[in-house]
Amino acid sequence: MARLLFTARQFGSLADPINQKTNTELADLIGKPVQFMHQTHSNNLHLISTIETAKEDTDSLITDNKDLALAVRVADCIPLLLYSKNLVAAVHVGRKGLLNEVASKTVAKMKSLGAEKIYGLAGPHICGNCYEVGTQMAEEIYRTHPATKGKKDHLNLFSGLKEQLQDITLENIDICTKENIHYFSYRAAAEAGRQVGVISL
Ligand SMILES: [Zn+2]
């Protein structure tokens with residue numbers, strides 16, 4: 001059974017993927033060493049078999065090794081944790097990640113590695129009532145990702161993700177980082193702090 005964990009502001013910021021102190025505290029909390037990545041809003045994914053230095057230019061990590069955990073750092077983007085009987089994944093899904101389909105690429109990879117039933121949990125992220133973008137950008141994204149449409153000029157990232165991942169069981173923890181002071185939010189405060197989603201088998 002997979003173990004899933006989301007940190008909040010109280011834990012401290014995990015903005016730096018190679019910060020030894022916070023990384024050690026996180027490893028202590030989940031009881032395993034934690035693999036990080038240098039996220040770039042890409043759709044690059046890596047299958048991890050042992051702990052390495054933080055993966056460059058990566059927004060999705062997958063492992064079948066139950067002796068390590070995977071982390072995704074976020075402020076307002078979705079920290080998406082995926083799991084099946086034998087595999088887990090941590091995925092960074094913001095607006096760009098929704099458009100480049102990093103999540104569905106990860107699900108496809110998990111299936112190719114033998115995953116059958118896949119579950120997903122979207123951690124704290126900015127909600128559809130709070131994520132405002134320019135009118136032109138909103139209209140462009142509504143055309144290709146109609147589920148993101150709700151409040152005018154706002155994007156509902158989770159609805160867009162749900163539309164993209166129809167073949168898995170996906171739930172939303174339903175905490176908005178912009179509205180909830182217990183979470184770091186770039187949009188709410190232009191702050192550099194990051195919380196993490198962590199998963200292990
Ligand atoms: Zn909100």
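Me: How many helices and strands does the protein chain have?
Reply: Six helices and ten strands, and keep in mind that this is a predicted model.

Me: OK, and how compact is the protein chain?
Reply: As compact as a globular protein of that length, because its radius of gyration is 16 Å, close to the 17 Å that the globule rule gives for 201 residues. Along the principal axes, the C-alpha atoms fill a box of roughly 45 × 35 × 25 Å.

Me: What share of the residues counts as buried?
Reply: 46% of the 201 residues.

Me: And what about contacts between residues 24 or more positions apart?
Reply: Those account for 63% of the contacts with a separation of 6 or more.

Me: Switching to helix H1, which residues are buried there?
Reply: H1 covers residues 20–30, and Thr22, Asn23 and Leu26 are the buried ones.

Me: Why do they line one face of the helix?
Reply: Seen down the axis of H1, the buried residues fall within an arc of 100°, so they line one face. As a general point, an α-helix has 3.6 residues a turn, so residues three or four places apart point the same way.

Me: What covers the buried residues of H1?
Reply: The cover includes strand S2 (34–35), strand S5 (69–74) and strand S10 (195–200).

Me: Which exposed residues sit on the face turned away from the buried side?
Reply: Gln20, Lys21, Thr24 and Asp28.

Me: Last one: what follows H1?
Reply: Gly31 does, and its phi is positive, near 80°.

Conventions:
Residues are numbered from 1 along each chain as its sequence is written. This is a predicted model: local features need pLDDT of at least 70, side-chain atom pairs count only at pLDDT 80 or more; totals for chains, interfaces and linings use all residues. A residue is buried if 20 or more other C-beta atoms lie within 10 Å of its own, exposed if 12 or fewer, and partly exposed in between; C-beta atoms are placed from the backbone. Helices (H or I, at least four residues) and strands (E, at least two) are DSSP runs, numbered from the N terminus. The arc is that of the directions from the helix axis to the C-beta atoms. Two residues are in contact if their C-beta atoms, placed from the backbone, lie within 7 Å. The radius of gyration is taken over C-alpha atoms; the globule rule is 2.2 Å times the number of residues to the power 0.38.
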